[in-house]
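Please work through the exercises below with the sequence and the model open side by side, trying each task before reading its solution.

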Amino acid sequence: MQEYSTWNRIYEYIDPIAFELFGINVHWYGIMYVGAMLIALLIAKAFVKYNNTRFPITQESLDSFFIWVEIGVILGGRLGYVLIYSPHRWEYLTQPWEIFNPYYNGVFVGISGFSYHGAMFGFLLASLLFCCVKKLSFWIFMDLSAISIPLGYVFGRLGNFFNHELFGRLVDESEFGRSIGILVNGELRYPSQLFEAFMEGIVVFMLLLMVWRYAKKPGSLIVAYGFFYAIARFVCEYYREADSQLGYYAFGLSMGQILSGVMLLVSVILAFVVFAQNTDSKLTTATLNKHKRRKK
C-alpha cells in the first residue's frame with residue numbers, strides 16, 4: 001500500500017467549516033474573503049497616507065469608493081459565475097431571485113460560486129460610475145486599486161484551498177508527485193490554489209512594486225496589473241483542473257485561460273488609451289486637490 005505524507009493528506013486535517021455561529025456554519029472561505037477585502041483596504045489606506053503625492057485621495061473618498069466597488073465585485077462575481085460557469089444558468093435567469101438566495105429548502109447553505117473575471121468587470125463598472133458621480137480621476141483610483149488588490153487576492157485563493165474547491169490537475173505517482181501533490185478523493189493533485197495565491201497575488205504585487213518608479217502616468221499601474229495577472233493566471237491554469245461542466249476548449253485551453261487572454265487584450269487596448277491621453281499626473285493631482293478643499 002502506498003505511503004502518503006501528512007502534506008499529501010492535509011485535507012484530512014482541514015475542515016471547510018471554521019465554526020458555527022447561532023446555528024449557521026461559518027466557512028473559512030467567507031472568513032478569507034472578508035480578510036481579502038480588509039487587507040486590500042488597509043493597503044490602499046497606507047498608500048494614500050504615505051504617498052499622497054502619487055495618490056492624492058482623501059480617506060473619506062477612499063472609504064466611499066470601497067463601498068461602491070465591493071457592491072460591484074459581489075454582483076459581478078456572482079453574475080459572472082452564473083453566466084459563465086454555472087450549469088444551472090438558465091434556471092437562475094428564469095428565477096433571478098435565486099442568484100443571491102443563501103437558503104435551499106429552508107436550510108442555510110450560503111452562496112457558492114464566484115467568478116474573478118466577473119468580479120473584475122463589476123469592479124471596473126462600479127469604479128467608473130463612482131468617479132463619474134464624484135467627478136474624480138478614474139485612472140488614479142485604478143492605479144491605487146492595482147497596487148492594493150494582489151495581496152488581498154492571496155487570501156481569496158487560500159479560501160479556495162481551505163474550502164476544498166478548485167482542485168489542481170492530476171500529478172503522477174512519482175517521487176516528485178508525492179512531494180507536492182495533495183490527495184483529493186484518493187487521487188494526487190497539484191495544490192493549484194496555492195500556486196495561484198503565490199503567482200497571481202505575491203508575484204504580481206512584487207512585479208508592480210518593481211515597475212512602480214517607472215509607471216508614472218495615471219493608469220499605467222492598472223495596465224501593468226492587467227498584463228501581469230493575465231499571464232500569471234494563464235500559466236497557473238495549466239495546473240488547475242477545468243470546471244467539470246465546461247471542460248477544455250481549442251488547443252486544450254480552459255475557460256480561465258480564454259478569459260485571461262481576453263483580459264490581456266483589454267490591457268493592451270487600455271495601454272493605448274492611457275499613453276495616448278494628454279493628462280499628466282500634475283494636472284490630475286491638482287484636480288483632486290480641489291476636491292479635497294471642497295470636502296473641507
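**Exercise 1.** Is the crossing of α1 and α5 left-handed or right-handed?

*Solution.* The model is a predicted one, in which local features need pLDDT of at least 70 and side-chain atom pairs count only at pLDDT 80 or more, while totals for chains, interfaces and linings use all residues. Residues are numbered from 1 along each chain as its sequence is written, and side-chain values use heavy atoms, with hydrogens and water left out.

Begin with the geometry: helix α1 (residues 28-50) and helix α5 (residues 138-162) pack at an angle of about 165 degrees, with their axes 8 Å apart. Helices are DSSP runs (H or I, at least four residues) numbered from the N terminus, and axes are lines fitted to C-alpha atoms over the stretch in contact, with angles from 0 to 180 degrees between N-to-C directions. α1 and α5 are therefore roughly antiparallel, a term for angles over 145 degrees.

The crossing of α1 and α5 is right-handed (the near helix is turned clockwise from the far one by less than a right angle). Contact means heavy atoms within 4.5 Å, and the residues that make it include W28, I39 and F47 of α1 and L144, L151 and F162 of α5. By class, this contact has 16 nonpolar, 6 polar and no charged residues, where Ala, Val, Leu, Ile, Met, Phe, Trp, Tyr, Cys and Pro count as nonpolar, Asp, Glu, Lys and Arg as charged, and the others, Gly among them, as polar.

**Exercise 2.** Describe how α2 and α4 cross, and which residues meet there.

*Solution.* The axes of α2 and α4 come within 7 Å and cross at roughly 145 degrees, and α2 passes α4 in a right-handed crossing. Among the residues that meet are G72, G76, G77 and G80 in α2, and G118, G122 and K134 in α4. The residues of this contact divide into 10 nonpolar, 9 polar and 1 charged.

Terms used: Helices (H or I, at least four residues) and strands (E, at least two) are DSSP runs, numbered from the N terminus. Angles under 35 degrees count as roughly parallel, over 145 as roughly antiparallel, 65 to 115 as roughly perpendicular and the rest as oblique.
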